[in-house]
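Colleague: Please pick one part of this model and go through it closely, with its packing and its surroundings. I would like the cut-offs stated as you go.

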Amino acid sequence: MAAGDLPPTEEAAAAAAAKEEEAEEDLIEIVEEVSGRLDIARYVDHVRDLSAGAIATFEGTTRDHFAGRRVVELRYEAYTAMARRRLAGILREARSRHALRRLAVAHRLGPVPAGEASVFVAASATHRADAMEACRYVIDELKASVPIWKKEVYDDGEVWKENREFLDSHSGAAAPAPAAKAGGCCGSKVRVQEA
């Protein structure tokens with residue numbers, strides 16, 4: 001054994017400790033209604049790392065229309081403790097799939113007016129592909145498995161929504177998403193309850 005080399009069991013323990021340390025640097029926030037807007041700059045600064053050559057982000061915002069109706073706001077509710085645990089699991093999964101430096105994820109609860117951010121994901125990595133793929137993985141898994149519920153509020157009513165990702169992940173088999181209408185991405189949205 002060369003000087004400085006660790007025996008295999010100590011090497012594995014050191015690697016596990018390093019992974020735990022990286023996970024402790026991840027930022028997970030569920031922003032309660034009274035806290036207001038997401039602090040996008042804070043999340044990007046959190047993932048900034050001198051050894052990272054890339055930072056990828058995703059910002060989900062409330063659009064002002066859906067299916068020909070004017071959207072006033074989205075309203076989010078969550079089982080907060082479970083949502084935090086699931087988000088931590090998603091970040092661990094992202095780390096196991098990609099060579100990442102740091103991760104941050106935040107989601108608002110309560111009303112989110114049109115034009116404002118409801119969810120934000122940031123990932124840093126040595127190379128852009130890992131950062132970009134991890135960012136997509138985190139948002140897709142968040143939508144599929146985190147207990148956060150969305151109500152879309154229109155100027156003429158409101159509707160609870162489910163994401164196609166959630167339905168597909170709980171159906172036992174991934175079903176193809178319906179084709180989106182020309183000029184839109186929303187063919188896969190499902191109406192759950194008209195109010």
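Modeller: Contact means heavy atoms within 4.5 Å. The model is predicted, so local features need pLDDT of at least 70 and side-chain atom pairs count only at pLDDT 80 or more, while totals for chains, interfaces and linings use all residues. Residues are numbered from 1 along each chain as its sequence is written, and side-chain values use heavy atoms, with hydrogens and water left out.

Helices (H or I, at least four residues) and strands (E, at least two) are DSSP runs, numbered from the N terminus. Buried residues of α4 are A131, A134, C135, Y137, V138, I139, L142 and A144, where buried means under 20% relative accessible area, exposed over 50% and partly exposed in between (1.4 Å probe, protein chains only). R128, also in α4, counts as exposed because its relative accessibility is 63%.

The partner of α4 in helix packing is α3, residues 80-97. Helix α3 likewise has 18 residues and a reach of 26 Å, close to the 26 Å expected. The two pack at an angle of about 145°, with their axes 10 Å apart; axes are lines fitted to C-alpha atoms, for helices over the stretch in contact, and angles run from 0 to 180 degrees between N-to-C directions. The crossing is right-handed, a label for a near helix turned clockwise from the far one by less than a right angle, with anticlockwise giving left-handed. On the α3 side the contact is made by R86, L87, I90, L91, E93, A94 and R97, and on the α4 side by Y137, V138, E141, L142 and S145. By class this contact has seven nonpolar, one polar and four charged residues; Ala, Val, Leu, Ile, Met, Phe, Trp, Tyr, Cys and Pro count as nonpolar, Asp, Glu, Lys and Arg as charged, and the others, Gly among them, as polar. The buried residues of α3 include L87, I90, L91 and A94.

S124, in strand β7 (residues 117-125), counts as buried because its relative accessibility is 0%. Beyond four places in sequence, the contacts of S124 include A131, V47 and L100. V47 lies in helix α2 (residues 40-47) and is buried, at 0% relative accessible area.

H107 belongs to strand β5 (residues 100-108) and is buried, at 4% relative accessibility. With residues up to four places away set aside, H107 touches E29, I30, V31, L38, Y76, S118, V119, L142 and I148. I148 is in strand β8, and its 15% accessibility makes it buried. The C-alpha atoms of I148 and Y76 are 6.6 Å apart, though 72 residues separate them along the chain. The contacts of I148 beyond four places include A83, a buried residue of α3.

An unreviewed UniProt entry lists H127, R128, K143, K150, K151 and E152 under "binding site"; such positions are given in the numbering used here, feature names are shortened, and annotations may be inferred rather than shown by experiment.

Terms used: The expected span of a helix is 1.5 Å times one less than its number of residues.
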